[in-house]
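Reader: Please take one part of this structure and go through it closely. I would like to know what surrounds it and what it is joined to.

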Amino acid sequence: MNAVTEAAPAQPRHPQLAVSAAIFREGRLLLVRRARMPGKGLYSLPGGRVEFGETLEQAAVREVAEETALSIEIVGLAGRREVLPSAASAAGHYVIMVFAARWAAGEPQLNDELDDARWISPDELANFSTTEGLSELVEGARELIGT
């Protein structure tokens with residue numbers, strides 16, 4: 001019996017600009033779990049790559065809508081994270097701009113990039129396996145939102 005393994009997509013040899021959003025709804029944070037590499041099985045924030053000609057805010061709104069079907073209102077830039085390539089990880093080089101956002105409409109309907117979504121108290125974040133640095137980014141977003 002042959003095991004089937006999921007290979008990570010080939011990564012470009014240059015940094016990629018990406019965005020994500022810490023979305024708050026009535027004091028709760030939307031946490032999503034990645035269904036694909038890199039980051040498969042880890043909880044994080046919805047987001048993805050910035051497309052040519054988009055502002056960072058436009059990209060964050062679009063990516064959230066594509067991944068979760070939610071409408072959001074951007075409050076401000078909460079922080080950034082840089083993911084560097086390494087021998088231990090299949091991830092490429094990403095510069096991720098993280099926005100604080102408020103939920104505006106919709107209920108999570110996941111696309112094929114995600115396999116779980118939960119509204120949690122930000123204080124519950126430590127109970128989940130998350131992408132590196134997520135708790136600090138969420139804290140920065142919480143300060144902007146005022147929760």
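Author: Buried here means under 20% relative accessible area, exposed means over 50%, and partly exposed is in between, with a 1.4 Å probe and protein chains only. Strands are DSSP runs of E with at least two residues, helices are runs of H or I with at least four, and both are numbered from the N terminus.

The model is predicted, so local features need pLDDT of at least 70 and side-chain atom pairs count only at pLDDT 80 or more, while totals for chains, interfaces and linings use all residues. Residues are numbered from 1 along each chain as its sequence is written, and side-chain values use heavy atoms, with hydrogens and water left out.

The setting comes next. The chain has two helices and seven strands, in the order β-β-β-β-α-β-β-β-α from the N terminus. Of its 147 residues, 41% are buried.

The largest nonpolar core holds 21 residues, and F24, L29, L31, L45 and V138 have the most contacts inside it. Such a core is a set of buried Ala, Val, Leu, Ile, Met, Phe, Trp, Tyr and Cys residues joined through side-chain atoms within 4.5 Å. Two or more of its residues come from each of β1 (16–25), β2 (28–34), β5 (71–83), β6 (94–105) and α2 (134–145). The largest share, five residues, is from α2. There is also a second, separate core of ten residues, with A21, L30, V32 and W119 among them.

Leaving aside residues up to four places away in sequence, F24 is in contact (heavy atoms within 4.5 Å) with L29, A101, R102, W103, W119, P122, V138, A141, R142, I145 and T147.

P122, one of these partners of F24, sits in the loop between β7 (114–120) and α2. Although in a loop, P122 counts as buried because its relative accessible area is 9%. With the same exclusion of residues up to four places away, P122 touches F24, G27, L29, V138 and R142. P122 and V138 are 16 residues apart along the chain, and 7.6 Å separates their C-alpha atoms.

Across the whole chain, 69% of the contacts with a separation of 6 or more are between residues 24 or more positions apart. The chain exposes about 8200 Å², of which carbon and sulfur atoms supply 50%; accessible areas come from the Shrake-Rupley method with a 1.4 Å probe, and for residues only the protein chains shown count as cover.
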